[in-house]
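Work through these exercises with the model open. Try each task before you read its solution.

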Amino acid sequence: MDNGQMNGNALKDAGAKLMNLAHRVVLTVSGNRLLAKPFGMPLVELHTTGRKSGLPRSCFLTAPVHDANRVVLVASKGGDDRHPDWYQNLKAHPDAELVINGDRRKIHARTATPQERAELWPVITAAYKGYADYQTRTSREIPVVICELQP
């Protein structure tokens, strides 16, 4: 990786962190009313453990598929060639927490099997067509993450 690519990645990563902070501020100031359903999907806050640092981490994501037993997340990183940090953290520490509709729940996360992904991908892209566009931007197969809600 050359310096230009490293600088470009650092800029993308800083932009993503800034957007996450902006979401947090808008949600807090609006009492969780504004930006709660971007693109018609519920906004969830994922709490993970950093794979390198061991420190608590959190980020906001959309959940294109969800029901009483699971929440499905898409590790798209906007079509970047790299997996998002939250996905790497979940791979290292699959037991995490998710806040959805104001409820904080324990989850066990796993990457969907190829068959599960094939079944979920059309539902995901129907919920938000942008995911299909993100897949065209990268050669990596964008992982689908199934977060099984714990009792």
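This is a predicted model: local features need pLDDT of at least 70, side-chain atom pairs count only at pLDDT 80 or more; totals for chains, interfaces and linings use all residues.

**Exercise 1. How far apart in helix H4 are Tyr131 and Tyr134?**

Step 1. Tyr131 and Tyr134 lie three residues apart in helix H4, so about one helical turn separates them. Helices here are DSSP runs of H or I with at least four residues, strands are E runs of at least two, and both are numbered from the N terminus.

Step 2. Look at the rings. Tyr131 and Tyr134 form an edge-to-face aromatic pair, 6.0 Å centre to centre with 80° between the planes. Rings of Phe, Tyr and Trp (its six-membered ring) pair if their centres lie within 6.5 Å; planes under 30 degrees apart are stacked, over 60 edge-to-face, and the rest tilted.

Step 3. Tyr131 and Tyr134 are both buried. Buried means under 20% relative accessible area, exposed over 50%, and partly exposed in between (1.4 Å probe, protein chains only).

Residues are numbered from 1 along each chain as its sequence is written, and side-chain values use heavy atoms, leaving out hydrogens and water.

**Exercise 2. Which polar contacts does the side chain of Gln135 make?**

Step 1. Find Gln135 in helix H4, residues 130–137.

Step 2. Its side chain makes a polar contact with the side chain of Arg117, at 3.1 Å. A polar contact is a pair of N or O atoms within 3.5 Å; within protein, one must be able to donate a hydrogen and the other to accept it, and residues adjacent in sequence count only if both atoms are side-chain atoms.

Step 3. The side chain of Gln135 also reaches the backbone oxygen of Arg140 at 2.7 Å.

Step 4. Follow Arg117. Its charged end sits over the ring of Trp121, 4.2 Å from the ring centre. The test is NZ of Lys or CZ of Arg within 6 Å of the ring centre and within 35 degrees of the ring normal.

**Exercise 3. Where on H2 are the buried residues?**

Step 1. The buried residues of H2 are Trp86, Tyr87, Asn89 and Leu90.

Step 2. They cover an arc of only 160° around the axis, so they lie on the same side of H2. The arc is taken from the directions from the helix axis to the C-beta atoms.

Step 3. These buried residues pack against E1, E2, E4, E5, E6 and E7. Contact means heavy atoms within 4.5 Å.
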